[in-house]
Every structure is written in structure tokens, then in C-alpha cells.
Amino acid sequence: MEKKMKKKMMQQNLILHNNFTIINSQTLSGIACFAVAALVYSNSLSCGFCFDDHSAILENGDLRPGSPWSNLLRNDFWGTPMHVEGSHKSYRPLTVATFRLNYLLHGLEPMGYHLANVLLHGAVCFLYVQLCALVFGREAVWPSLMAGLLFAVHPIHTEAVTGVVGRADVICGLLFLISFISYQKFVAVSPTNKGSGLKWVFVFLVSWISSILSKETGITSVAVCLCWDWFVNHEMNLGSTLNLLLQYVQQGRLKSSSSSHLSSPKSSKKIMSSRSRSCTLASNSSNLNYSCRLFLLTRESFGLRAFGLSTLLLAVLYARWKIMVSPPKYSVLNNPAVVLDYPYKQLHWSYIASYNCWLLLNPSSLCIEYAMQTIPFVTSLLDPRNLVTVATLLSLGGLSLYGTCGKGRGRDRKVAFVGMCLLVVPFLPASNLFFPVGFVVAERVLYIPSMGFSMLVGHGAWKIWNAIDDMHHRNRNRNDRVVFANVEQKFEKVERRRVGKLLIEKLIAVIPTRALVSVLLLLGGTVLVSHSAKTVLRNGDWESELALYSSAVRVTPNNAKMWHNLGSKYAVSGDHAQAEALYRRAVEEDPLYVSPLSDLGHVLMRQQKLGEAEEMFRKAIFLIKQGLSGKDPLIAVSLQNLDAFTRLAKLLKTMHKNTSADAHLKEAAELYEFVRQYRSTDVKTLLALGDLYTTANRTKEAIDTLQQAVQIAPGDPNPVALLGYALMEAGDKREAEVCFRRSLGLIESWKG
């Protein structure tokens with residue numbers, strides 16, 4: 001008896017020891033990935049605010065202490081009210097709240113914002129390893145660690161981690177993982193343990209809603225969870241799912257047929273025949289009862305979960321639509337493929353999806369923005385890039401079929417399915433395939449999809465390692481050393497389809513184990529080290545906008561927008577000669593791009609090249625007028641383009657051509673009024689129009705326009721200051737002083 005007790009205690013201690021080791025291994029793997037991520041992104045702490053950070057941080061009034069916290073629920077990501085026409089319609093109050101906390105702690109010091117991003121990315125890496133452990137199995141430590149390290153150092157994440165605005169993707173990724181893991185925990189809870197189940201339901205719902213409030217991509221978490229529940233947790237595949245659907249439809253038809261026969265008998269004979277027919281139908285359908293109950297109740301309340309989450313998803317989508325008020329309007333410059341006709345639009349966007357997959361595979365050339373025709377249109381069915389699209393679809397489709405059509409609970413099928421869900425589903429809202437978005441390629445949107453990519457790569461590397469190791473030991477144990485001169489004789493005795501496999505086994509058998517291990521470790525280490533080095537170098541590009549735009553034109557030399565942005569940085573610094581050269585390069589890349597033409601004219605005017613400046617302004621105005629007859633005239637008269645009219649008017653006044661100057665000011669005012677018809681509540685439009693009226697000495701109209709802007713944005717100091725200038729021009733110095741003091745007070749409240 002005592003021996004049995006001792007043996008049982010030893011077994012329990014061994015189990016506890018193994019569990020402790022496994023838990024520690026996963027935790028240590030997560031901590032290691034956190035540390036590696038922090039190390040790789042440590043040089044991002046010296047970066048400043050770049051690109052979209054200006055609009056989201058420096059110019060966003062919602063971050064300032066003087067702005068009420070409730071504004072976060074009414075305004076978009078950039079601080080613009082959701083109901084105005086100029087709003088981007090990106091509703092991310094949770095992310096903006098973290099920016100505001102940063103501002104309360106250290107103001108506009110960039111380091112704190114970057115530190116928060118790095119810590120959040122490290123937390124995502126830690127949780128990602130825990131998710132990999134659930135998918136691979138707790139005992140499979142190494143593939144989880146490999147996937148976690150690849151995700152931690154992948155260069156595609158630099159825009160999301162090093163760019164402050166990318167925090168929306170990082171927070172969304174963190175909450176996405178929490179919701180997915182908590183859903184798995186909830187499903188695994190025993191029905192008798194209701195308290196623990198409710199706890200995980202609460203965690204799932206809070207994390208899912210929070211992920212949506214950090215970025216819209218979070219809404220896809222429900223789709224990933226339900227797909228995992230059905231295909232992985234319940235071991236269903238595509239064939240069995242289609243079979244259940246067919247059986248369900250068939251039973252519905254049988255019931256309807258039976259009821260129709262019973263409801264309209266014309267004689268007792270027909271009644272008896274209909275009853276016998278209904279009994280036959282009932283007996284035929286009895287075999288389907290279990291399957292249909294399985295589909296309706298869906299194996300341990302899956303149907304209940306699916307119905308509840310689908311209903312909640314529809315409610316969230318409806319609420320999101322109501323908050324948005326109206327659909328967003330994106331500039332054709334940022335996503336020009338919207339003007340393409342069918343089917344070339346679909347071909348182009350499908351190729352763009354393939355291009356995103358290529359960035360995950362080979363992130364050697366990264367760019368902040370792929371605007372305009374940086375990636376040329378696919379305008380022919382014979383375009384060779386269509387072959388790339390087909391190859392990508394076949395690869396992804398093959399993995400998807402393997403994950404959905406396999407049987408049982410095999411690890412390979414499970415990893416393939418979860419990896420493909422994470423890779424594809426979160427990317428779909430940003431793919432342009434269902435509705436247009438405001439960009440062509442944005443590396444930050446690959447933050448969550450890269451989780452699926454890293455999972456597939458980690459598992460694939462581990463499979464190769466195990467396969468080679470197994471073949472090596474199997475051939476060693478056989479003691480079957482075959483001289484290559486006799487290989488042909490051996491091949492004659494085996495089936496032709498096994499020749500390749502046998503050759504590989506023999507080749508592996510003669511390679512020393514130590515050499516084989518060294519080669520595999522070298523390959524894996526090279527990938528991780530090269531990715532880490534690329535990430536560190538890419539972080540350096542984010543130190544300043546000058547470095548960021550310089551790297552962009554090196555990677556995409558046909559990117560007219562980046563040449564223009566780079567020229568604008570030199571123009572601001574006072575280097576007009578360099579700015580002129582860069583503006584000319586932008587015009588060379590895209591002669592129809594109005595903004596560099598107008599800015600080039602402005603720089604030439606600063607250098608007293610008045611004749612050439614007038615030529616540039618007139619070219620810009622010609623393109624604007626030409627665009628008014630196009631498909632989207634509102635794009636042609638964007639606020640940035642209309643600067644050409646006012647600049648030309650000022651130039652003509654300098655050249656003492658006052659009559660022509662007044663004519664251009666009048667024409668500009670008419671175009672501003674045209675824009676105002678569509679964007680009556682857009683503050684920027686009203687400010688530009690009010691400033692134009694002030695320049696044209698139309699002070700009454702300027703005051704009326706700027707007062708409307710003040711009413712729309714009472715917390716913005718800019719319209720108040722411009723109203724003060726207009727009042728001063730009108731001779732009302734007392735009211736002007738009141739406006740100036742109010743504007744200064746608003747600025748002080750912004751500073752906190």
C-alpha cells in the first residue's frame with residue numbers, strides 16, 4: 001500500500017514538474033520576445049514627430065487639457081467633428097485617449113510617445129507567444145518562440161511602432177489577441193463552471209469593443225473567433241459543413257412538402273394517401289434529425305454563440321455607421337485606382353494584395369506612402385503582374401483548403417487554418433476589394449496579418465527541422481550506406497514516385513548531424529538578424545521628416561508626392577534652390593500634379609523669378625479648370641490647389657497688374673464658394689475663404705465666413721485669430737482685440 005502511495009505521489013510530482021516547466025517555458029519565451037522587441041526598437045526613442053503625427057498630435061485639440069474628454073467621443077482620430085464633411089471618419093477614441101495621457105504626463109516631448117509604442121509592441125509580442133502556444137500546443141515551445149521572434153523584429157512593423165500614429169494598430173493588435181485568447185478560454189470552460197465562463201465572456205466583450213474603439217480592424221476579431229470555433233474547436237471541415245447545410249435545406253423542403261399535402265385534401269382517399277406520404281417523408285427525414293440539431297444547436301451551443309455574436313456585430317456596425325454620419329471622401333491622389341473601369345480596377349487591387357504579401361516575405365524596400373501611381377496601374381489582361389496575383393491566390397487558396405478541408409484535430413491543419421485566418425481576415429477591410437480606402441498600400445495595416453504570417457513561417461521551419469531530423473536518424477539506424485554509383489540500381493526496385501524522397505533521405509543520411517544543425521541554425525539566425533538590422537536602420541529613417549521623405553524617394557523614385565513633400569521641407573528651412581529642384585522632379589514624375597506646380601511657382605517668386613513663377617501658377621490654374629469638367633470636380637478644387645489663385649493674385653499685384661489680380665481673386669472666391677457648397681461645415685474651407693476675402697478687401701464677407709468657422713470649432717484658436725485680423729481690417733479694433741485675447745487664451749489652454 002505504501003509503495004503504491006509513493007508511486008502515485010511521484011507521478012503527481014512529475015506531472016506538476018512538467019506543467020511548471022511548460023508554463024515557465026512559454027512565459028520565458030514571451031519575455032524573451034518582449035526584450036528583443038524593446039532592444040530592436042530602442043533607437044526609435046530618439047525619433048521626432050513625422051508625417052501624420054503632426055495632424056494627430058501637434059494639431060489635435062482633443063489632446064489638450066482645456067478640451068473636454070467628451071470630445072473624444074464626438075471627434076475623429078484627427079480631432080475633427082465626425083459630422084463635418086472634412087472629417088476622415090476614423091473613429092478611434094481609445095487611441096486618442098492614450099495620446100492625451102501622454103500629453104498630460106510630458107506634453108509634446110516625442111520620447112514619451114515612442115516609449116509607449118515600444119512597450120505596447122512588447123506586450124503584443126508576449127501575448128502573441130501565448131496564442132502560438134495555444135495553437136501549436138503547450139509542449140511545442142520552439143515553434144512558438146520562432147514565430148514570436150520573427151513577429152518581434154519584422155521590419156514591416158516600423159510604421160506601426162516607430163510612427164506615433166501607428167499606435168492605433170498596435171493597441172488594436174493587443175486587444176485583438178486578448179479577445180481571441182479569452183474566447184478560446186471561454187469555449188474550453190466546462191459547462192458546470194459558469195462563473196469562470198462569464199468571466200471570460202466579459203473579458204472577450206470588453207477587449208473586442210475596445211479594439212474597435214482603437215481601430216476599425218478590431219471588428220474582424222469576431223469572424224476569426226467564430227471560424228476557429230467551428231473548424232478547429234469542433235473539428236469541422238468544409239465538406240462536413242456543406243453536407244450539414246444541404247441536409248438542413250433538404251429537411252426544410254421535406255417539411256414544407258409534408259405540410260402542403262396535409263393542408264389541402266379533397267377526399268378521404270387523398271387524405272389517407274397524403275398521411276401515408278407524410279409518414280414516409282417523416283421517416284425519410286428522421287435520419288436527418290441529428291444532423292440538423294447539430295447544425296441548429298451546433299455542437300455544444302456554437303449556434304447560440306454564433307447567433308449572439310452575429311447580432312452584436314450587426315449592432316456594432318449600425319452604431320459605427322450612425323457615428324460616421326456620412327461616408328468618408330478620399331482624395332483620388334491617395335488612391336487613384338478608383339477611377340479605373342471594370343475589370344482593371346479589380347485586377348489592380350488584387351495585385352496590390354499580392355504586393356502586400358510580398359512585403360511580408362521581403363521587407364527590404366519600405367516606403368511611408370505609395371500614393372498616386374507609385375505602383376503603376378494594371379490596365380491589361382496580359383500584364384505579367386497578373387501571374388503574380390494568380391500565384392498568390394493559388395498559394396493562399398491551397399493553404400486555406402488544407403486548413404478547412406482536412407479532418408480531425410491535426411496540428412498542421414490547425415496551424416494552417418489559424419495562420420490563414422490571422423493573415424487574411426484582418427486585412428480584408430483595408431484591401432480595397434470590397435470598398436475603397438484612403439491609401440494604396442499602408443504597411444501599418446499589416447501589423448495583425450503578420451501574426452498569421454509569422455505563425456505559418458515558425459511552424460514551417462519547425463516541420464522542416466523535424467522532418468530532416470527524422471529522416472537522418474531513420475537512415476542512420478538502418479545502417480544502409482548506399483554508394484551513389486549504386487543508387488540507380490536501388491531506384492529500379494522502388495516506385496517512380498518515391499525516387500525523389502529516397503534520394504533526399506540518402507543525401508541527408510550522409511551529412512553529419514552537427515553540420516546539418518549548424519546550417520539550419522545559420523539560416524534561421526540570418527533571417528532574424530537581417531530583419532533586426534533592417535528594423536534598426538528603418539527606425540533611423542523616422543528620426544525626422546527630411547530623412548523619412550529622403551528614404552521614400554530612394555525606394556520609390558517615381559513617387560511624385562514624396563518628391564513634393566521633400567521639397568516642402570527644404571522650402572520651410574529656407575533652401576529655395578534645393579526646394580525648386582525637388583518640385584521640378586515632382587512635376588517631371590507627374591505633370592498633372594497641381595500642388596508641386598503651385599509650390600514651385602511660390603518658390604520661384606521668393607527667388608524673384610517672377611516670369612517663370614507666373615507661368616507655373618497659370619499651368620496649375622489650367623489643370624484646375626480642366627479638372628472641373630472631370631468625374632470628381634471637388635478633387636480638382638481642393639484647398640491646397642486653390643492656393644494657386646491667391647498666389648498668382650499676389651504675384652500680379654507685385655508686378656503692378658492689379659486688374660488681373662482682382663480678377664483672379666474673384667475667380668478664386670467663386671471656386672471656394674463652390675467647395676463650400678459641398679463642405680459647408682469644413683473649418684479649413686471656411687478659413688481659406690475668409691482669408692481670401694480679407695486679402696480681397698471684402699471684409700464683411702470675411703467676417704461672416706470666419707464667424708461661422710468660430711461657431712463650428714469654438715475651441716480652435718486659428719479661426720478666432722483670423723476673425724481678429726478681419727475685424728482689424730474693417731476698423732473695429734476693440735472687437736479685434738477681444739478676438740486676439742481669446743485666441744491667446746485658447747493657445748494657453750492647449751499648452752495646458
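Which helix does H459 lie in? H459 lies in α18, a helix that covers residues 449-478. Welcome to this predicted model, in which local features need pLDDT of at least 70 and side-chain atom pairs count only at pLDDT 80 or more, while totals for chains, interfaces and linings use all residues. Residues are numbered from 1 along each chain as its sequence is written, and side-chain values use heavy atoms, with hydrogens and water left out.

**The whole protein**
- The protein has 33 helices and zero strands; helices (H or I, at least four residues) and strands (E, at least two) are DSSP runs, numbered from the N terminus.
- Of its 752 residues, 47% count as buried, where buried means under 20% relative accessible area, exposed means over 50% and partly exposed lies in between (1.4 Å probe, protein chains only).
- Take the contacts with a separation of 6 or more: 70% of them join residues 24 or more positions apart, and a contact means heavy atoms within 4.5 Å.

- Leaving aside residues up to four places away in sequence, H459 touches F136, R411, D412 and V415.
- S365 sits in the loop between α15 (344-361) and α16 (385-405).
- S365 counts as partly exposed because its relative accessibility is 36%.
- With residues up to four places away in sequence not counted, S365 touches L359, Y370 and V555.
- Along the chain S365 and K534 are 169 residues apart, yet 9.6 Å separates their C-alpha atoms.

**Nonpolar cores**
- The largest nonpolar core has 60 residues, and Y447, M451 and M455 have the most contacts inside it.
- Helix α5 (residues 110-136) gives the most to this core, namely 10 residues.
- Another core lies apart from it, with 44 residues that include L150, Y351, I375 and F439.
- A nonpolar core is a set of buried Ala, Val, Leu, Ile, Met, Phe, Trp, Tyr and Cys residues joined through side-chain atoms within 4.5 Å.
- M451 touches V124, Y128, F151, G173, L177 and L422, again not counting residues up to four places away in sequence.

**Helices that meet**
- The axes of α5 and helix α8 (residues 167-188) come within 9 Å and cross at roughly 25°.
- That angle makes α5 roughly parallel to α8, since angles under 35 degrees count as roughly parallel, over 145 as roughly antiparallel, 65 to 115 as roughly perpendicular and the rest as oblique.
- Axes here are lines fitted to C-alpha atoms, for helices over the stretch in contact, and angles run from 0 to 180 degrees between N-to-C directions.
- Among the residues of α5 that meet α8 are Y113, L120, V124 and Y128, and the α8 side includes R167, G173 and L177.
- Helix α4 (residues 93-106) also packs with α8, at an angle of about 115° and with the axes 9 Å apart.
- In this contact, L94, T95, T98, F99 and N102 of α4 meet R167, A168, I171 and L175 of α8.

**Helix α30**
- Helix α30 (residues 683-695) has 13 residues and reaches 18 Å from its first C-alpha to its last, close to the 18 Å expected at 1.5 Å a residue; the expected span is 1.5 Å times one less than the number of residues.
- Buried residues in α30 include V683, L686, L689, G690 and Y693.
- Just after α30, N697 takes a positive phi of about 60°.
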